[in-house]
Every structure is written in C-alpha cells, then in structure tokens.
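Subject: Structure handover

Hello,

The structure is attached below for your records. My notes come after it.

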Amino acid sequence: MLTPESERATSIVNEPVSSVVNRQRARLTQLLYAPMQRIGILASQLARDGSLDRSFRSDLDILVGESLATLPFAKYLYVLNRNGIQISSSMSREGLITGHYGRDRSERPYMKEALSIASALDLHRETCYQQWPYLDDGTQAVDFLLCDAYISANALRPSMTATYFLRDRQGSIAGFLGADFALRELPPIESIYRDTRRTRTFSLDPLPDQIRSASRLDREMDTVISVLEELMMCRGVYHVKLHFSSSQTVVWQLDDPYRYHIFSVSDLLDADSCLAYPNRSYPEEAIIPEDQIRTILDRLKALRNSKSPVYLRSCSINIFNGMVGLSFSSEGSSYMPYENFLKTDPPM
C-alpha cells in the first residue's frame, strides 16, 4: 500500500527528462526571483559608493539574518564579493554561521557559473542582456541565476544555488547574493517523465576472461551514489539496478511503477535529473531503513572495486523486499537480505 503522499495524482508526461527538468527550473525561477531581487537590492545599496568588502560584514549579517525567512525553502543565505569570497556570515534556519565568513567559494560549481557570466557581462553587457530567463508575465529575471544542480560538499546531497548579481552605482557587478537549497526540500512537482522508447547503445567489444575494464560509471561512482540516494530516499524510486560495464542504471518509481526508466551515467552525473521526479516521503512499508541506503551503495562500490579476480558486474536494491542482488563475472548471481549483505566480510 502506498503512502497518501504517493497516492496523490501525478501526471505522466512523454518527453525527455531534460524537458521536465527545464520546466521545473522555470517554476523555481518564478518562485525565487522576487524575494532574491528584494534582498539583492538591499545588499546592493551598500555597494553604491564602492565595491563590497569585509567592512560591510556587520550590515550584511543583519541583512541575511532578517531575510532568510522571506526566501522559500532556502537553507543558507550569504553575500560574496566580486571574486567569490564570502563577506558575510551564512544565515541558516538555526541562526548565523560565523565560521563561513571569509570562505572562498570561487571554485564551487555554482560560483564558477556565476563568475563566468559576470565576466561576460563586464565585456558585453548589452549583448548578454538576453541571457536572463523570462518569467510567466513576460518580464526578464535580470541579474538572477539558478545554477545547475550539484552535489554539496558537506552533506553529499544534490543541491542547487540561486545567485543574484549585486551592482554598484555605475552598474558594475560588485558581488553576489547566494542562497542554497537542498533538492529534497524544494516544493513538490506534479509531473513525472516517462522514458521514451529509444535504443540505448553500449559497447559490445569482448573483454579478456576475468579482466575488468573501468567504465565511466566506475570512475564517477561517488557522484552517482549521491544522486541515487536522493532518488531512493526522496523521489519515490524503490528499485535500482546498476550495470557497470554499460554504465546504465535502471530504476522503478512509485508514481509509474509498471515501467522502468533507464539512466545513462550522464543522467546520473547531472543532479538536475532529480527534478524529473516528484518529492516523495520514504515509504513506511520499506524494509530497508532509509539511513542504510548510502551504506549499501558504498558497500556495492567497494565490492565492485575489490581486487578479487571474480568481480561484480551488476547489482540491484529493492527497498520493499529488502533484498540486494549481485551478479558476478563468474556467471554466479545471488540475492540476499540487506542485513546479511552488510554483515559479510568487507571486500578486499
């Protein structure tokens, strides 16, 4: 029996996952732009007579402290200078985090994206004006950027950052207002994509007996684990099967339980893919506890990377029957309760 949340009507759409993701991103832009603009204008007023720097910390801390509650679903709110260095504390739901002051965020995915656009705007301000997204009323969300989703450095969860470009009196970019969001806490969507019926190709080149070749899935497994954990814990995916050699993953989802969906490794490396599925609470009927999902995935990774000549070729997890499936290069396959899988000796 599904939970009431899972029983809620959800439309099934026949379109690529990228189209569903783009629609969800447009919806989030519509939701976040006005409050980000209001806070950004207040922060920009401090830069009217010069570039933002650390001397503004006290005023900026007051601003982010008073503003977080006005920004729906945000986990953190902060201000950075033109170089991506944090010049305020971070405001969280628990209060100010002063330890974030002075943090260099310039190498984080969202700031690389914002800094790249800022550099282009400095050189070609008029020609780049059209890059801002449009709202439902036809106006542009000027100076607003909703970055691509990424895996957070601390929680290792799919996250998203919205930035608002702060300008001085001359209209030059003086800094950025940043707001972080956990994808699992964003408002629920009411549609789910249906995988299109297309051929998925992969290499059929034979491999020497008992010699594995590292696939792209193997090389990017840490990111894949974070995305799969999000899908299983918060997006209604209840069965996952990983094929390591072909770098393909097959998932079954509560809102469309009769059809499996095929993810390439490129899909799983794009954390935005999580937006293609509605938010769903972890099912009460699941046998596998939600806090064991990452443990199981990490152990599957270790098993795949073991030095044994008999190596893992594919694996599966089903949260409702509590089973982990394993298929090895020796043609041997097994299914076992997740508790037994976690009690086995760690692979070497």
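Predicted model: local features only at pLDDT ≥ 70, side-chain atom pairs only at ≥ 80, totals over all residues.

Residues are numbered from 1 along each chain as its sequence is written, and side-chain values use heavy atoms, with hydrogens and water left out.

Helix α6 spans residues 221–234 (helices are DSSP runs of H or I, at least four residues, numbered from the N terminus). From first C-alpha to last it reaches 20 Å, close to the 20 Å expected (1.5 Å times one less than its number of residues). Of its 14 residues, 12 are buried, so α6 is largely enclosed by the rest of the structure (buried means under 20% relative accessible area, 1.4 Å probe, protein chains only). Gly-236, with a positive phi near 80°, follows α6.

The largest nonpolar core has 77 residues (a set of buried Ala, Val, Leu, Ile, Met, Phe, Trp, Tyr and Cys residues joined through side-chain atoms within 4.5 Å). Phe-144, Leu-300 and Leu-326 have the most contacts inside it. Helix α6 gives the largest share of this core, nine residues. Because domain 1 (13–185) and domain 2 (214–343) both contribute, the core lies between them; the domain bounds come from an automatic or database assignment. A second, separate core of 16 residues includes Cys-147.

Arg-25, in helix α2 (residues 17–45), is buried at 15% relative accessible area. Leaving out residues up to four places away in sequence, Arg-25 touches residues including Cys-147, Asp-148 and Asp-272 (contact means heavy atoms within 4.5 Å).

Regards

Notes: Helix = DSSP H or I, 4+ residues; strand = E, 2+ residues; numbered from the N terminus. Buried < 20%, exposed > 50% of the residue type's maximum accessible area, 1.4 Å probe, protein only.
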